[in-house]
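Please view the structure below before reading on.

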Amino acid sequence: MDQALTTMLDDLARPGFWGAAEEQVSDARRRFARLIGAEVDQVAILPNVSIAAHQAVSGLRWRRRRDLLTTTAEFPGVAHVWLSQEQRGARVRWCGTPTGRVNSADYLGAITTDTALVSVPAVTHRDATRLNIRRIADAAHAAGAAIIVDAYQAAGVMLLHVDALRCDYLLAGTGKYLLGLPGLAFLYARHPKESTPALTGWFGRCDPHALDPTRLDFPTHARRFETGTPSVAAAYTAAAGLSLIETLNLAAVRTHTQRLLASATDRLSAQGEIVQRAQTADERGAHLALIEPHAWAMAAWLDNQGIAVAPRRNVIRVATHAYTSDNDIDALCDAIAVYRVKSRTRAPIGASR
């Protein structure tokens, strides 16, 4: 990432910077398309996954079929986009428990002939449940519905191929396992020309550089979903991060992360911690959820120890990647043990029980 930003600053100091920046955007698009087994013309670049979700759904007409099936485990940035569609006639239906737990069977039991769109997180953001997307997609298609997949918690750390998943849309962002910066997201559309988004901008034109303010034309490819100028810094780091991902064997990365998370789960449980993970290995993503009512306090303390975790409502998320080591897991578990001791000897700063 440091080298990518240095390259950006070097390019900025020379004539032709905008052309260099556009090439970084194109490079990121090409690399992401390869990562998920898509064609380049099926991938749009947008500022974030919320806008990508809006672009995918805003062209749908909620008439004979009104149901948009999602889950209580959906990330709010996506779920709120779905709720906003109720103003346009959609009817949002939820599957999973009220506390945000879901499995593939919950989806299969909720798809009906009234379902227009099924939204599935590839891996749930809170407790890392990995869903059987292909099985859900087959059921959705059999009922006449489309399927959209939020792969933010999966892309870059496990194999994803859109033809194998049989999804109609897929969303992912560069701020996590894709090793880039926030500020860039990808939208895959299997048949992009079948939908015209409600939001647009000059990048969504057949020829953006025509700069014709009187003509609103949409290309047949996925760039019809694009809006305005993308984040240049995020484009440089996205291309760099994806180039690193391409050097990895993602099947081996998954084996590595699952071993580390199993080790962390065993050790933290032995220390008296409560860890949430799916029951079977196939249902597990690349992070675990440590139950912690004072998640933000614990995360801040760990950050001061040089350990980065993600606090969420009542949980600490511990994520792993190819570069995560056994020493990292040891440092995490040791630090949490120290944290518990400190919270017993003064005003509690995050006891979980």
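## The largest pocket

In this predicted model, helix α11 contributes the most to the lining of the largest pocket, namely four residues. The volume of the largest pocket is about 500 Å³. Its lining is made up of 17 residues, and those closest to the centre are Ala308, Val309, Ala319, Tyr323 and Thr324. Two elements, β11 (315-319) and α11 (326-345), each give two or more residues to this lining.

By class, the lining of the largest pocket holds 11 nonpolar residues, four polar and two charged.

## The second largest pocket

A volume of about 280 Å³ belongs to the second largest pocket. It is lined by 18 residues, with Thr72, Glu74, Pro76, His125 and Arg313 closest to its centre. Helix α4 (residues 76-84) supplies the largest share of this lining, three residues.

Here the lining comprises six nonpolar, seven polar and five charged residues.

Strands in a sheet are paired by backbone hydrogen bonds, in parallel or antiparallel fashion. In this model, four strands make an open sheet with antiparallel pairing, in the order β8-β9-β11-β10. The edges are taken by β8 (275-276) and β10 (310-312); each has a single partner strand, so one side of each is left without a neighbour in the sheet.

Strand β8 runs antiparallel to β9 (residues 287-291) and is joined to it by two bridges. Gln276 has Ala289 in β9 as its bridge partner. Helix α9 (residues 250-270) packs on the sheet and touches β8, β9 and β11. The direction of α9 makes about 15° with that of β9.

Technical notes
Residues are numbered from 1 along each chain as its sequence is written. This is a predicted model: local features need pLDDT of at least 70, side-chain atom pairs count only at pLDDT 80 or more; totals for chains, interfaces and linings use all residues. Side-chain values use heavy atoms; hydrogens and water are left out. On a 1 Å grid over the protein atoms alone, a cavity is a set of points where a 1.4 Å probe fits but cannot get out, and a pocket is an open set with protein on both sides within 12 Å along at least five of seven lines; lining residues have an atom within 4 Å of a point. Grid points are joined across faces, edges and corners, and a volume is the space filled by probe spheres set on the points. Ala, Val, Leu, Ile, Met, Phe, Trp, Tyr, Cys and Pro count as nonpolar, Asp, Glu, Lys and Arg as charged, and the others, Gly among them, as polar. Two strands pair if DSSP finds at least two bridges between them. Contact means heavy atoms within 4.5 Å. Axes are lines fitted to C-alpha atoms, for helices over the stretch in contact, and angles run from 0 to 180 degrees between N-to-C directions.
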